[in-house]
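Have the sequence and the model open beside you.

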Amino acid sequence: MHKLRFRQIHLDFHTSEAIGGIGAEFDKKQFQEALKAGHVDSITCFSKCHHGWSYHPTQVGKMHPHLGFDLLRAQYDAAKEIGVNVPVYLSAGFDNAAWKDHPEWRQIGANGQFISGSSQKPVDPGYHLLCFNGPYLDYLCGQIREAVELFPDCDGIFLDIIVQEQCCCKWCMALMEEKGLDATVEADRIKCAELAIERYYRETTAASKSLRDDMPVFHNSGHIQRGNRDILDYFSHLELESLPTGGWGYDHFPVSAKYCMNLPHDVLGMTGKFHTTWGEFGGYKHPNALKYECVAMLAYGAKCCVGDQLHPSGEMDESTYKLIGSAYAEVEAKEPWCVDAENVADIGLLSSEAVNGKYLAAREEVSADIGAGRILLEGHFLFDVLDAEMDFSKYKMLVLPDDIRIDEALKTKLDAYLSGEGKLFLTGTSGLDENGKPLFGFGADFLGQSEFQPDYILPNAELRPSFVDSPLVMYLPSQRIKATTGESLGDIYDPYFNRTYRHFCSHQHAPAKPESSGFDCGVRNGNILYLAHSVFSIYRGLGAVAYKEYIINAIRSLLGEPTVKVSLPSTGRVSLMHQKEHSRHVLHLLYANTVNRGGPMELSGGTLAGKASIEVIDELLPLHDVNVSLSLPEKVESIKCVPDGTDLEFVQNGSTVEFTLPKLLCHQMIELRYS
């Protein structure tokens with residue numbers, strides 16, 4: 001496994017030909033001092049940018065017309081002199097210089113229009129996609145080989161914008177003809193795109209390794225697609241692009257990391273120093289926000305990377321590296337408790353994206369996964385995110401959210417898991433066949449999907465939200481079930497009618513009828529618990545606290561005694577890591593209060609800012625007297641806050657260890673050393 005450094009910078013440098021004096025203010029000492037101030041140990045620098053310009057002399061591509069020296073070499077040598085690693089970046093999917101010189105290389109849709117990337121029309125400012133099925137790929141591979149020859153000892157090749165849409169350029173049309181595919185059929189165009197992507201991965205990886213078999217390579221598509229194992233052989237490690245203020249939000253990274261931690265790759269989290277997202281000059285997030293984002297990467301088992309953007313002059317921004325240094329100084333102190341740490345989990349969340357991937361459109365948002373991830377984070381459960389190939393046996397419980405499609409192989413695996421006393425938590429259509437019939441012993445009759453949307457539930461006392469004693473509206477349809485050998489979890493109440501022009505009531509929907517429908521909102525039968533609604537998608541869409549309490553209560557009722565219990569608010573986060581070689585567990589407690597700010601605003605040629613509210617961290621508020629209870633198999637010898645070393649008093653009765661953390665400010669690692 002390729003091992004990553006903990007404190008990295010991704011130094012964007014997408015620089016227009018309309019700007020002169022490129023790199024004119026680059027100064028070796030100033031560059032080095034910025035890296036030292038930032039506590040940086042690796043920095044990714046540019047060979048070629050989205051505009052298509054190279055930042056070193058080139059026999060293959062085009063050097064930026066206003067660059068008068070080898071900027072990449074100057075950056076590389078300056079960083080290496082102070083012990084900082086330098087991976088080399090090349091834009092793959094975008095190359096506007098090639099796009100202009102070779103219009104035939106562009107991706108073209110079935111409608112005859114160019115397929116855009118960051119801009120919708122040729123007259124819009126932005127970048128455009130090039131086709132990996134045509135000669136452009138040969139051009140790109142030539143640029144990669146040249147970069148490797150110029151920098152044979154670099155610390156990796158980073159290739160960006162790996163996107164192939166349903167292209168109908170002449171090379172794609174010829175390939176479809178050769179393969180017997182019909183260009184008028186969307187499924188065949190998608191197959192052609194898949195062939196192009198496979199060719200891309202094969203040839204660019206070979207180009208990257210043309211001089212060194214051990215050259216690290218990463219291909220960036222903005223998201224590590226769950227369940228797509230075929231491409232992972234082309235990756236030396238994984239970089240999880242997740243800028244909370246750039247549209248990802250603060251719940252995206254933990255769930256992504258919890259999937260990638262189970263893959264055989266070292267993992268790097270990537271946020272940005274920007275207030276918004278990539279490409280923002282003069283934008284700075286608050287130091288508290290960057291601090292939280294970096295320590296969250298440690299808490300979820302990842303190394304850290306912060307995105308920056310170099311000014312065309314080549315001068316490093318001092319405010320940026322002061323900001324980054326405030327976060328990375330803390331990361332540096334905490335690294336020893338994060339090396340080779342393994343996540344401890346009670347629950348395996350079987351990802352809808354991973355299992356249902358072949359049924360999804362490219363980059364489609366998966367509400368079931370997002371909602372389930374939020375529930376598990378807010379409920380302070382220890383969990384991993386799984387695909388169907390991963391080991392299920394180590395988890396006390398599996399969650400199958402809303403719409404998991406179970407084929408024969410997965411059914412066999414889940415049956416084996418149940419026979420080993422594993423527990424299944426299913427919702428919506430998960431666990432049902434294509435006819436809506438149960439694949440497991442739910443202990444209920446299934447009578448199809450309800451005709452009503454919405455309907456209402458009144459769960460039993462154990463699952464009922466703490467402040468609700470009346471029927472609770474559920475906005476997606478339920479499955480009609482009646483408990484038989486299983487235990488009913490509560491009643492469904494139907495509305496008087498669905499809202500139509502013929503009959504409607506009030507502003508939204510008709511109220512619940514006074515009497516129960518006779519159907520159940522869920523059922524438990526032994527080690528299987530099933531909820532009749534797609535509750536995770538409903539929670540992702542509405543976010544009601546009543547839904548959260550209902551789902552968390554249901555999970556707890558099936559799970560039983562968890563490994564960790566903490567008295568944190570729902571916005572707090574918890575993870576437990578195990579460093580076996582050091583005979584210690586490391587508990588991570590996180591807390592920051594986020595607020596949504598901003599809104600719609602007209603921008604002149606802008607790409608992001610003001611189009612939506614932004615989740616912001618500003619002040620860090622302390623929590624006091626956080627109570628913690630852990631169930632551990634080992635005899636605990638000491639508990640202390642690290643890295644400062646403050647001892648905490650604790651009591652251990654059997655496998656249960658209890659202690660109180662007097663104060664939590666942002667992040668606290670707690671070492672539990674055992675004999």
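Two exercises follow, each with a worked solution.

This is a predicted model, in which local features need pLDDT of at least 70, side-chain atom pairs count only at pLDDT 80 or more, and totals for chains, interfaces and linings use all residues. Residues are numbered from 1 along each chain as its sequence is written, and side-chain values use heavy atoms, with hydrogens and water left out.

**Exercise 1.** Find strand E6 and work out which strands pair with E6.

*Solution.* Start with the naming: helices (H or I, at least four residues) and strands (E, at least two) are DSSP runs, numbered from the N terminus. Strands pair if DSSP finds at least two bridges between them.

- Step 1: E5 (residues 88-91) pairs with E6 in the parallel sense, over four bridges. Here serine 91 has aspartate 160 as its bridge partner.
- Step 2: E7 (residues 217-220) also runs parallel to E6, joined by four bridges. Isoleucine 157 is bridged to valine 217.
- Step 3: now check the faces of E6 (residues 157-160): Ile157 and Leu159 on one side, and Phe158 and Asp160 on the other, are all buried. Buried means under 20% relative accessible area (1.4 Å probe, protein chains only).

**Exercise 2.** Describe how helices H8 and H9 pack.

*Solution.* 

- Step 1: H8 (residues 287-299) and H9 (residues 318-334) pack at about 30°, their axes 8 Å apart. Axes are lines fitted to C-alpha atoms over the stretch in contact, and angles run from 0 to 180 degrees between N-to-C directions.
- Step 2: angles under 35 degrees count as roughly parallel, so H8 and H9 are roughly parallel to each other.

Terms used. Buried means under 20% relative accessible area, exposed over 50%, partly exposed in between (1.4 Å probe, protein chains only). Angles under 35 degrees count as roughly parallel, over 145 as roughly antiparallel, 65 to 115 as roughly perpendicular and the rest as oblique.
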